[in-house]
Amino acid sequence: MPPARRGFDGPRDIRYNEGAPGNAGAIMETIKGLKTACLINPRAANSKWVRRRFLRAYLQKKLPGDVYDGLGDMKTTVEKTVRACGSADIIVAMGGDGTIADTLQGIFDAGKQGEVLFGVIPFGSGNAFRKAFAIPKNPLRAIDRLAEGVPRPIDLMEVEGRVAAFASVGATARVTGEKLAGKIQGLWGHVVAARRLFDTPADPKRIELFDGRDASGPFDAKTVTSSFFDCIVAKTNYFGYSWRIAPKAVVDDGYLDITLFELKPLKYALLFPFIYFGLYQRTMRHYKAKRVVFSGAAMPVQFNGEVLGDRDRIEFRVLPRAIRMVVPPTRRAARHFEKRLS
């Protein structure tokens, strides 16, 4: 396993106060007066950022600070985030799940995850992260929620030196790779790429789980074998397009959420409506663990919607209370946390 990046063992003491839902005074004391840096993907959501001048003015009014909107590839986003961390109190990702992931990586690369707050304004096509924290889809409403939001510690996970909120090993990673390599983007790109579900091999894999629990109770270490079609490793509940892929994931429980999809491709396709809404997952083998290692032959891996490639071995570990995220001060947002504010 590659050496952990600086600060991966958890955040240092943060100087901001936590407010409680419904306690407007505490909320305003927390957010008001802090400097914001907003990292914007101008190509997200069909270039709405370029066209909507009112949105830009509204963002500056509600969240004064620096705007970085010349983002391109992952490297550029990470580098600009590192630069923004030098002076900002709140780092905001405005884009889809890719922009969010790259912004988080920049915060960790800067070693500032224990000092800055993190916020999200959804502005892409997938927005799985938005759903996981009940952030409004409308960017104006999301800006309002961010301006009045509550900082909450959330877990993330680490894979090969990168931070992530969700990942998969197997079929969905294979489909993601096909979609990204194709010419059709967005939802229809995923639909076209879904044909790869039917030629995804289901070879035996070895799964080593550490410091976890399952239906039989807690365990220090456990090894299972499976010829799973797909496996989801997650800290948040959703994949893109509101797909409730990991209904048992909790953003602050200190565990990875691991679900084994042990079924044939045709059955998977037929049951997809139930899988999409997180209903069929109740019947699947499921584990919570602080670390998990997969061993097998050429396993496709993706994280945060980005293809990592085929691996014979891949390891994930939880990063408990990795960063403080500004979430809406609503009961709906609080439902996604184990440790709820009173």
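Which residue's side chain meets that of Arg-196 in a salt bridge? The partner is Asp-199, with 3.1 Å from N to O; a salt bridge here is a side-chain nitrogen of Lys or Arg within 4 Å of a carboxyl oxygen of Asp or Glu. This is a predicted model, in which local features need pLDDT of at least 70 and side-chain atom pairs count only at pLDDT 80 or more, while totals for chains, interfaces and linings use all residues. Residues are numbered from 1 along each chain as its sequence is written, and side-chain values use heavy atoms, with hydrogens and water left out.

**Overall structure**

- The protein has 12 helices and 13 strands, taken as DSSP runs (helices H or I, at least four residues; strands E, at least two) and numbered from the N terminus.
- Of the 342 residues in the protein, 56% are buried; buried means under 20% relative accessible area, exposed over 50%, and partly exposed in between (1.4 Å probe, protein chains only).
- The accessible surface comes to about 15000 Å², and carbon and sulfur atoms account for 52% of this surface; the areas come from the Shrake-Rupley method with a 1.4 Å probe, and for residues only the protein chains shown count as cover.
- Taking contacts (heavy atoms within 4.5 Å) between residues at least 6 apart in sequence, 73% join residues at least 24 apart.

- The whole structure holds 21 salt bridges.
- Arg-145 pairs with Glu-148, and their closest N and O atoms are 2.8 Å apart.
- Arg-145 is partly exposed because its relative accessibility is 27%, and Glu-148 is partly exposed because its value is 29%.
- In the pair of Arg-196 and Asp-199, Arg-196 is partly exposed, with a relative accessible area of 21%.
- Asp-199 has 39% relative accessibility and so also counts as partly exposed.

- Glu-158 forms a salt bridge with Arg-317, where the closest N and O atoms are 3.3 Å apart.
- This pair links distant parts of the chain, 159 residues apart: Glu-158 lies in strand 5 (residues 150-159) and Arg-317 in strand 13 (residues 306-327).
- Glu-158 counts as buried because its relative accessible area is 2%.
- Arg-317 has a relative accessible area of 17%, so this residue is buried as well.
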